[in-house]
Amino acid sequence: MTRSRTKITAAAVLAGALALGACSTERESLTAGLGEAADCTGPQARAAQQKYAETWRTAGEAIGLKGLSPARAKVCEVDTGRFAKERPKGGYRVAIAAQGPTNAWALTNEEAFKHRAGQRGVDVLYASANGDVNKQVDNVQQLVAQRPDAMVVVPMGDAITGQVRAAAAQGIPVVVCSGRLGEGSGAVSTVTRDYELQGTLWAEWIAQRIGGEGKVAMLSGIAGVPTAELPKAQAERIFAAKYPGIEVVAKQNTDWSATKAKTVAAQLLARHPDLDAIWSDSSITNLGVYEAYSQAGKPVPPVTGDVTNAFLKAVRGKNVPFALGAFPPEQSARCLDVALDALGGRKVPSQVNVDAAVFTHERIDQYVRPECSDDLAVPSALPADLLKKLKLC
């Protein structure tokens, strides 16, 4: 079956990126439930919103996309005075409801948190969900029962929202870290790399790369997890609203497993040998894609995703076009800092879009770490001694 196509130039694709706000959903502040504690119109809030928007602009420019900006993202300044408490003699006790060391990224995320806690004299109460949202519900309840001074949660899903709300009601400031919960959680702040930004970068780069027309497959991580679902949803909106010449021919989950991704990619190659690009949320997935195409003797189509050293090492010197945006595991250190700001009674932004590297295959030599482990999330800001302890470098 043939499809009629309208030719779209690269210039037109870039012009479309300027109008991104029209196809992004408006994201309200994530501080619902804090009432008058959240100021969304004052000078500090406006400065926070400008800073948030700046992360979009600079990320887009790094891969040749001009004028990217969030659609009226509402970043507020949250007054945490009601959570303020004097630092105990033995230091604050901060709980972390973690994903669990189910992969190298998650392990690094937790170790970065603990490392920062050591630097700041914080006693850590730790609970691992082992990748299970139901277990995390129990974990949050048990951590709250220990009456920590503050809590950081790395959410596996929205099921923990009620427990987070209950913690806030008991005077425990909660920071959502490396993830997102829905409205009304009562969390004082959400600290993560913006999912909509990631999804937008990858969708717009693909549209530019293939001239706004062609067949695209979408590969996501674990079904139901915000880190997989939210970037994908944003990319779907962009493809549907702005690029009628792009046909999404397949959507599959890879569970962030290179082995599963290789199988999925081999099946894709058999069904759709003429794919023009693969929208992916992970370089772990991309590694499986690269292996499947290479074994079949086929050129790898343009791919997107976050950054892992394994993928960069594998494709260095090969003709594999990509655009990557890091989802740094050490963002958990920033999560702890925000929680401690809340305990100090300082105003905190309702949303923090953490800085992250964005680059294409043209800059691979700047980021690959051939002397380090495949599991290293690059670029890494972690100290050399911690990387050595984790056997990452």
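Let me start at the end of the chain, where a disulfide joins Cys372 to Cys393, with an S to S distance of 1.7 Å. A disulfide here is a pair of cysteine sulfur atoms within 2.5 Å. In general terms, a disulfide is a covalent bond between the sulfur atoms of two cysteines. This pair links distant parts of the chain: Cys372 lies in the loop between α12 (364-367) and α13 (384-389), Cys393 lies in the segment after α13, and the two are 21 residues apart.

Before going on, a word on where this comes from. The model is predicted, so local features need pLDDT of at least 70 and side-chain atom pairs count only at pLDDT 80 or more, while totals for chains, interfaces and linings use all residues. Residues are numbered from 1 along each chain as its sequence is written, and side-chain values use heavy atoms, with hydrogens and water left out.

Back to that pair. Buried means under 20% relative accessible area, exposed means over 50%, and partly exposed is in between, with a 1.4 Å probe and protein chains only.

How many disulfides are there by this rule? The count comes to three. Counting bonded cysteines along the chain, the pattern is 1-2, 3-4, 5-6.

Cys40 and Cys76 form another of these links, with 1.9 Å from S to S. Cys40 sits in the loop between β1 (38-39) and α2 (43-62), and Cys76 in the loop between α2 and β2 (77-78), so this pair too links distant parts of the chain, 36 residues apart. Helices (H or I, at least four residues) and strands (E, at least two) are DSSP runs, numbered from the N terminus. The torsion about the S-S bond of Cys40 and Cys76 is about 95°, which makes the disulfide right-handed. Cys76 is buried, with a relative accessible area of 0%.

Then there is the disulfide of Cys177 and Cys335, whose sulfur atoms are 2.2 Å apart.

Now the sheets. Two strands are taken to pair if DSSP finds at least two bridges between them.

Six strands make an open sheet with parallel pairing, in the order β4-β3-β5-β6-β7-β14. At its edges are β4 (123-128) and β14 (351-353), each pairing on one side only. From one strand to the next, the twist averages 20°. Angles run from 0 to 180 degrees between N-to-C directions, and axes are lines fitted to C-alpha atoms, for helices over the stretch in contact.

Within this sheet, β3 (residues 93-98) and β4 pair in the parallel sense over six bridges. Which residue of β4 is the bridge partner of Ala98? The partner is Ser128. Five of the six residues of β3 are buried, so β3 is largely enclosed by the rest of the structure.

A second open sheet has three strands in the order β1-β2-β13, with antiparallel pairing. Here β1 and β13 (348-349) are at the edges with a single partner strand each, so one side of each has no neighbour in the sheet. Two bridges join β1 to β2, and Asp39 stands opposite Glu77 in β2.

Helix α7 (residues 226-242) has 17 residues, which should span 24 Å at 1.5 Å a residue, and its end C-alpha atoms are 24 Å apart, which agrees. The expected span is 1.5 Å times one less than the number of residues. Buried residues in α7 include Pro226, Pro231, Ile238 and Phe239.

Finally, the whole protein. There are 13 helices and 15 strands. Of the 393 residues, 57% are buried. Among contacts (heavy atoms within 4.5 Å) between residues at least 6 apart in sequence, 74% join residues at least 24 apart. The protein exposes about 15700 Å², with carbon and sulfur atoms supplying 50% of it. Accessible areas come from the Shrake-Rupley method with a 1.4 Å probe, and for residues only the protein chains shown count as cover.
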